[in-house]
Amino acid sequence: IKLDRLVLTATARADRADSTTTNLPTAFGPASAAQQHDNATTGRIGASYLFDNGVAPYAAYATSFQPTPGTTFAGTPFRPTTGTSKEIGIKYQPVGTNALFTLAFFDITQQNVLTTDTANPFFSIQTGEIRLKGLEFEGRFSLTDRFDLIAGYSHIDPRITKDTTPVVGNVVSEVPLETASLWGLYKERTGVFAGWGIGA
């Protein structure tokens with residue numbers, strides 16, 4: 001919805017996830033099956049304001065839902081992982097160009113994250129929570145009418161905020177603290193190869 005210079009965005013999503021986890025017979029017990037039926041409604045709201053000079057500050061809030069396959073040591077199915085995301089930033093499109101620059105600050109929290117079951121180390125339980133805070137920059141611009149460039153950088157501070165083990169405050173494993181990317185695309189506009197491109 002656009003009201004003069006103010007742009008409002010709202011989305012809603014309804015999910016239903018049904019799953020069955022089958023445990024084969026082992027020396028510890030017979031075969032078993034656990035069924036899980038999950039429903040959730042998630043959404044996103046956002047707002048941005050468009051200035052004449054190409055600057056557009058914005059803010060957004062979103063919720064998420066993701067089924068988590070598997071069971072605990074006792075055979076109880078895992079609950080879905082849920083989360084919330086808060087983001088503020090600014091977009092800038094210089095007047096008279098097709099370039100776009102975005103700087104964003106984000107804060108993401110996820111609940112029901114799997115953590116190690118201290119009583120049964122080969123299994124997991126769901127008492128974990130993680131929080132990721134950081135910033136991200138992206139620039140998209142055309143150096144010529146045939147060559148486009150996309151550059152990005154992000155810095156993330158991922159922390160464990162709840163857990164069954166004494167690791168609260170530690171950095172989340174397998175989450176990069178810093179990432180950078182550079183993408184170039186050359187696209188032919190005329191001649192026999194018009195419409196073809198190559199990127200790296």
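Here's a walk along the strands and their partners.

A word on ground rules: this is a predicted model, where local features need pLDDT of at least 70, side-chain atom pairs count only at pLDDT 80 or more, and totals for chains, interfaces and linings use all residues. Residues are numbered from 1 along each chain as its sequence is written, and side-chain values use heavy atoms, leaving out hydrogens and water.

Start with the whole sheet: 10 strands make an open sheet, ordered β1-β2-β3-β4-β5-β6-β7-β8-β9-β10, with antiparallel pairing. (Strands are DSSP runs of E, at least two residues, numbered from the N terminus; two strands pair if DSSP finds at least two bridges between them.) Its edge strands are β1 (2–3) and β10, each pairing on one side only.

Next, select 32–49 and 55–66. These are β3 and β4, antiparallel and joined by five bridges. Zoom in on G46, and you'll find A60 of β4 opposite.

Now jump to β7, residues 124–142. Antiparallel β7 and β8 share 14 bridges, and four residues sit between the two strands of this hairpin. Click I130: its bridge partner in β8 is I160.

Which residue of β9 stands opposite L149? That's G184.

Last stop: residues 197–199, strand β10, which pairs with β9 antiparallel over three bridges. Select Y186 and look across to I198, its bridge partner in β10.
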